[in-house]
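Hi,

Here is the structure I promised to pass on.

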Amino acid sequence: MRDRFVDTTTALLAEDPRTALVLADISAAAFAPAAYRHPDRVLNVGIREQLMVGVAGGLALTGLRPIVHSYAPFLVERAYEQIKIDLDHQGVGAVLVSVGASYDRAASGRTHLSPADVSLIDTLHGWTVHVPGHPGEVPALLRDAVAADGSAYLRLSTLHNARPYGGDGALRVLRDAGPGAPLLVAVGPVLDAALAAVADLGVTVAYTHRPRPFDTAGLRALAGDAVILVEPYLAGTSARVVSAALADRPHRLLALGVGRDELRRYGSAEDHTRWHGLDAAGLRHSVGEFLDSALLGAGR
Amino acid sequence: MTTTTASAGPAPTAAPPRDRTAAPPRDPTVPPLPGPVAPLYERIRAGREFSAKVRSTVDVLWVLYDRVLRVTPETVDDSRRDRFLLSKGHAVEGYYAVLAAKGFIPAEWLDDQGGPESRLGDHPDRMLVPGVEIGSGSLGHGLGLGVGTALGLRAQGLLTPRVHMLLGDAELDEGSNHEAIAYAGATGLGSLTAIVVDNRSATYGWPGGVAARFTVNGWTATTVDGHDHDALHTALTGHDNHRPHVVVAAVDQGE
């Protein structure tokens with residue numbers, strides 16, 4: 001996904017003189033050709049993330065459209081107040097693009113893990129959040145985000161599904177178990193594991209790469225009385241949105257994602273997917289328990 | 001009136017003791033407020049007791065808006081205007097008074113600062129106040145936004161506007177400032193002018209003086225009496241356009 005981001009951003013810098021890129025050393029080498037061609041609009045501030053976002057705010061105040069890029073924990077967590085004050089409070093926007101996701105760099109340890117990034121962005125108002133599930137989804141999402149006026153967060157990962165899905169982020173049904181069936185919503189790269197997990201269950205599966213704004217109209221159209229959320233970042237991040245959208249009808253919600261505990265383990269991203277129960281077997285176990293408890297509760 | 005001017009030089013090999021003589025000698029009595037500002041300052045004060053730090057910024061604000069900044073109420077949206085970013089957002093009453101004196105905001109707005117329908121808070125908000133370039137209050141944001149503004153103007157071929165940012169010596173404690181100071185100096189961002197009102201309120205001080213934090217990174221620097229209008233004007237126009245420039249406006253301690 002990072003390669004597609006670099007290629008698309010390099011093209012956007014050439015196509016649109018409003019576009020600017022702000023870096024804090026991360027990926028600077030990959031953008032060297034773009035920096036050579038557009039030295040005034042490809043700005044590497046060194047290892048200075050507060051300045052990176054502050055500069056983006058200043059660029060936007062002059063009418064440019066900044067793209068800001070680093071590892072998720074440095075972009076969102078370290079510079080959170082700059083995102084809140086230097087962008088939102090000034091009434092200007094930017095497109096933030098992270099790599100690293102929840103645990104892409106698992107062997108690097110806690111400092112490079114960022115399961116809470118989407119939750120933090122979600123404390124702000126009016127942001128669009130894209131979580132592509134495949135490198136092929138990245139160019140269109142990035143182009144749409146840069147062409148828009150508001151702020152957007154693109155969360156890139158080394159984990160991905162087998163194939164891309166286009167669309168504007170509205171819930172897309174990939175498996176239809178019929179009216180009233182439990183609805184599983186998978187966000188971004190967890191889709192393939194979720195499909196495998198419920199292959200033998202009567203569960204409708206819908207996909208989105210845009211958790212914000214969440215497609216609540218699509219949710220209301222598809223949801224019966226049981227909803228399962230599977231997200232590749234902090235578990236429960238979208239629970240409040242789903243609960244609010246379904247507040248007028250009785251429903252049960254299972255919100256799966258990355259746990260809050262610091263595991264203090266290295267290994268690979270695939271190991272962490274398994275440890276957080278987000279592989280097909282782990283999801284199958286959680287969804288099975290959730291549905292069994294519904295059957296028991298109904299006395300069947 | 002004397003001024004001290006420094007330019008980029010080698011870093012000191014050891015931190016010298018805090019230099020309390022860096023500011024030029026000055027008359028210890030604070031001069032009267034600039035004539036056009038005085039009644040508006042009293043109007044927003046409305047009998048309240050302001051801390052001395054509010055008063056201490058009025059002279060530099062007045063010199064900026066009266067003699068330096070190329071911006072008027074008619075050009076607040078002109079891309080070629082000079083920018084002024086108040087980073088120390090708590091020094092706001094004098095700012096509002098100067099904006100009113102120059103016609104950016106109606107004087108009546110001064111009568112209800114912080115009220116439920118007021119556009120004037122205890123920190124300024126650019127979305128609510130014409131002529132205000134940034135919303136501030138949390139310290140350490142003005143320099144980064146100023147650096148980005150200067151870069152954005154340069155990228156669009158707007159090479160005449162200058163970007164001025166006002167902060168305090170205690171505000172320099174925030175590390176975000178030092179990210180901006182180092183980067184602006186290293187890249188020679190010559191359209192920037194920082195103004196540091198130095199009332200020596202930083203808890204641990206700045207051994208060697210405030211200006212040294214900038215000059216070691218390649219800025220030019222001038223330290224002047226923060227109440228001397230002619231000296232401020234000379235300092236605020238003393239940049240060489242090749243390097244960023246800082247003006248340290250020295251005022252009495254705690255003022």
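This is a predicted model: local features need pLDDT of at least 70, side-chain atom pairs count only at pLDDT 80 or more; totals for chains, interfaces and linings use all residues.

Chain A first. It is split into domain 1 (1–155) and domain 2 (172–298), and the centres of the two, taken over C-alpha atoms, are 28 Å apart. UniProt, in an unreviewed entry, puts a "domain: Transketolase-like pyrimidine-binding" feature at residues 1–164 of chain A. That span is 39% helix and 16% strand, and its end C-alpha atoms lie 11 Å from each other.

How many residues of domain 1 of chain A are in contact with domain 2 of chain A? There are 23 of them, and they meet 21 residues of domain 2. On the domain 1 side, helix 6 (117–121) and strand 5 (128–130) of chain A each supply at least two of the residues that touch domain 2. Sorted by class, that side of domain 1 has 12 nonpolar, 6 polar and 5 charged residues.

Now for where the chains meet. Here 24 residues of chain A are in contact with 22 residues of chain B. Helix 3 (49–61) and helix 5 (80–89) of chain A are the elements giving two or more residues to the side that touches chain B. Helix 3 of chain A gives the most, with 9 residues. By class, the chain A side of this contact comes out as 10 nonpolar, 9 polar and 5 charged.

On to chain B, which has 8 helices and 6 strands. If you trace it from the N terminus, the elements run β-α-α-α-β-α-α-β-α-β-α-β-α-β. Of its 255 residues, 51% count as buried. Among contacts in chain B with a separation of 6 or more, 79% are between residues 24 or more positions apart.

The bit I'd zoom in on is helix 4 of chain B (residues 92–101). Why is this helix largely enclosed by the rest of the structure? Because 10 of its 10 residues are buried. The buried residues include B:Glu93 as well as B:Val92, B:Tyr95, B:Tyr96 and B:Leu99. As for what surrounds them, the buried residues of helix 4 pack against helix 1 (38–45), helix 2 (52–56), helix 3 (58–68) and strand 2 (83–86) of chain B. After helix 4 of chain B comes B:Gly103, with a positive phi near 85 degrees.

Cheers

Key: Residues are numbered from 1 along each chain as its sequence is written. Chains are lettered from A and ligands numbered from 1 in the order in which they are written. UniProt positions are given in the numbering used here, feature names are shortened, and annotations may be inferred rather than shown by experiment. Helices (H or I, at least four residues) and strands (E, at least two) are DSSP runs, numbered from the N terminus. Domain bounds come from an automatic or database domain assignment. Two residues are in contact if their C-beta atoms, placed from the backbone, lie within 7 Å. Ala, Val, Leu, Ile, Met, Phe, Trp, Tyr, Cys and Pro count as nonpolar, Asp, Glu, Lys and Arg as charged, and the others, Gly among them, as polar. A residue is buried if 20 or more other C-beta atoms lie within 10 Å of its own, exposed if 12 or fewer, and partly exposed in between; C-beta atoms are placed from the backbone.
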